[in-house]
Amino acid sequence: MNSFVFPGNIESDILGISSLPIPYMRTSSFSSLVQDCESMLLRLIGCPNGRVIFYTASGTGAMDAVVTNYVSLKHKAFVVAGGSFGYRWKSLCDYYDIDLYEVPFAKDIDYSDLEAKIALSHPDVFLCQQHETSTGQMFNLDKISYICKKYHVSLVVDAISSFLADPLHMSDLGIDICITSSQKGLNIAPGLSFVILSQNISDMHFASSGYYFDFNENLKNLQRGQTPYSPATTIFLQLHERLKRNVQIGVDSIISRVRERALFFRTLCNKYNWIVPAEVPSNCITGFFINRNGDILFKELLDREIYIMPGGTPNYFRVSHLGVQDKQDLLCLSEEIYRIEQL
């Protein structure tokens, strides 16, 4: 199998952790493991004095938690929607007062226009993706951060697919909350998501309008290195091992490796006249239009145990650059796609 979907190919020894005996989580050793994970995550995302809330949930669960615990305290939210995941913020916020800023498919934000809309809207919180996974388009967090600081707007960023693929330093950008999850940049099994709170807000009292996702209850338990409810224990073990390796490698080296794969695959797209629509593509993923036979490509590749992501638009597909892959893997993938185009 060769996987170009999330989480991608995973090293056999990390996969093997799932076959080990499952430890009991209500122990001091597991508490230490959770606390180590928190410390390493904060280091990798550039928020050394923040806190991490761990959920056994998908990334959407973490988004929901942010809305019910934090956005619900605000008078107005401003949502950037550049694709399906931006609209997910909108769906989660529909019960609240929001302004929706729509960005066309695979286009970058007009940042002057965005600033004008923010100045007019006077929102309390700004919700966006660093990179819209459905299109591959990356937004400029430096410019967004500048606007939010200028108008005193709290910045919340979904970095689920951009973490460890594109540069992100929470403290430097003044981000109050970041969200990520286990199955993308961390390249382990799906099942864990993380809400990273900046030092500025980590001590505030949040709304408790939910039960399982309650920030206050989770933060209270985190003081002893625990989650309030049963965690995905085995995935925590994978997470701990992955984070140790990532800290040793370093964020810049990890991102450089992902960027190199992305740029190489895009040279192959150019070779075969496949159009990459994103104006500013993320390192994480390449969305591209093939020329023909898109209706059979997905199944033909599956028959060869090659996995890529359909994009919901005719002839449009996405290839992740996360996980274990090299240039030879990407070269073989491009040759297979081109071969199927010729059928």
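Q: A crossing counts as left-handed if the near helix is turned anticlockwise from the far one by less than a right angle, and as right-handed if clockwise; in which hand does H2 pass H9?
A: H2 passes H9 in a left-handed crossing, where helices (H or I, at least four residues) and strands (E, at least two) are DSSP runs numbered from the N terminus. This is a predicted model, in which local features need pLDDT of at least 70 and side-chain atom pairs count only at pLDDT 80 or more, while totals for chains, interfaces and linings use all residues. Residues are numbered from 1 along each chain as its sequence is written, and side-chain values use heavy atoms, with hydrogens and water left out.

Q: At what angle do H2 and H9 pack, and how far apart are their axes?
A: The angle between H2 and helix H9 (residues 233-249) is about 45 degrees, and their axes are 9 Å apart, the axes being lines fitted to C-alpha atoms, for helices over the stretch in contact, with angles running from 0 to 180 degrees between N-to-C directions. That makes H2 oblique to H9, because angles under 35 degrees count as roughly parallel, over 145 as roughly antiparallel, 65 to 115 as roughly perpendicular and the rest as oblique.

Q: Which residues in H2 and H9 meet?
A: From H2 they are Phe30, Leu33, Val34, Asp36, Cys37, Met40, Leu41, Arg43 and Leu44, and they meet Thr233, Phe236, Leu237, Leu239, His240, Leu243, Lys244, Asn246 and Val247 in H9, contact meaning heavy atoms within 4.5 Å. Divided by class, the residues of this contact are 12 nonpolar, 3 polar and 3 charged, with Ala, Val, Leu, Ile, Met, Phe, Trp, Tyr, Cys and Pro taken as nonpolar, Asp, Glu, Lys and Arg as charged, and the others, Gly among them, as polar.

Q: How many residues has the largest nonpolar core?
A: It has 84 residues, and those with the most contacts inside it are Phe54, Leu114, Phe126, Ile144 and Leu239; a nonpolar core here is a set of buried Ala, Val, Leu, Ile, Met, Phe, Trp, Tyr and Cys residues joined through side-chain atoms within 4.5 Å. Its largest share, 9 residues, comes from helix H2 (residues 28-45). Leaving aside neighbours within four places in sequence, Leu239 is in contact with Cys37, Phe54, Leu186, Ile188, Leu192 and Phe194. Another core, of 18 residues, lies apart from the largest one and has Phe4, Cys269, Leu301 and Val319 among its residues.

Q: Switching to H12, at what angle do the axes of H10 and H12 cross?
A: The axes of helix H10 (residues 251-271) and helix H12 (residues 327-341) cross at roughly 25 degrees and come within 10 Å, which makes H10 roughly parallel to H12. H10 passes H12 in a right-handed crossing, and the contact is made by Glu260, Arg261, Phe264, Phe265 and Leu268 of H10 together with Lys327, Leu330, Leu331, Leu333 and Ser334 of H12. By class, that contact has 6 nonpolar, 1 polar and 3 charged residues.

Q: And H11, at what angle does it pack with H12?
A: Helix H11 (residues 294-303) packs with H12 at an angle of about 130 degrees, with their axes 10 Å apart, so H11 is oblique to H12. The crossing of H11 and H12 is right-handed. Ile296, Leu297, Glu300 and Leu301 in H11 meet Glu336, Ile337 and Ile340 in H12, a contact that divides into 5 nonpolar, no polar and 2 charged residues.

Q: Now the backbone: is the peptide bond from Phe6 to Pro7 cis or trans?
A: That bond is cis, with omega near 5 degrees, and Pro7 has its place in the loop between strand E1 (2-3) and helix H1 (12-16).

Q: What about phi of Asn293?
A: Phi of Asn293 is near 65 degrees, a positive value in a residue other than glycine. Asn293 lies in the loop between strand E11 (285-289) and H11, and it is buried, with a relative accessible area of 16%. His122 also has a positive phi, of about 55 degrees, although it is not a glycine, and at 61% relative accessibility His122 counts as exposed.

Conventions. A crossing is left-handed if the near helix is turned anticlockwise from the far one by less than a right angle, and right-handed if clockwise. Buried means under 20% relative accessible area, exposed over 50%, partly exposed in between (1.4 Å probe, protein chains only).
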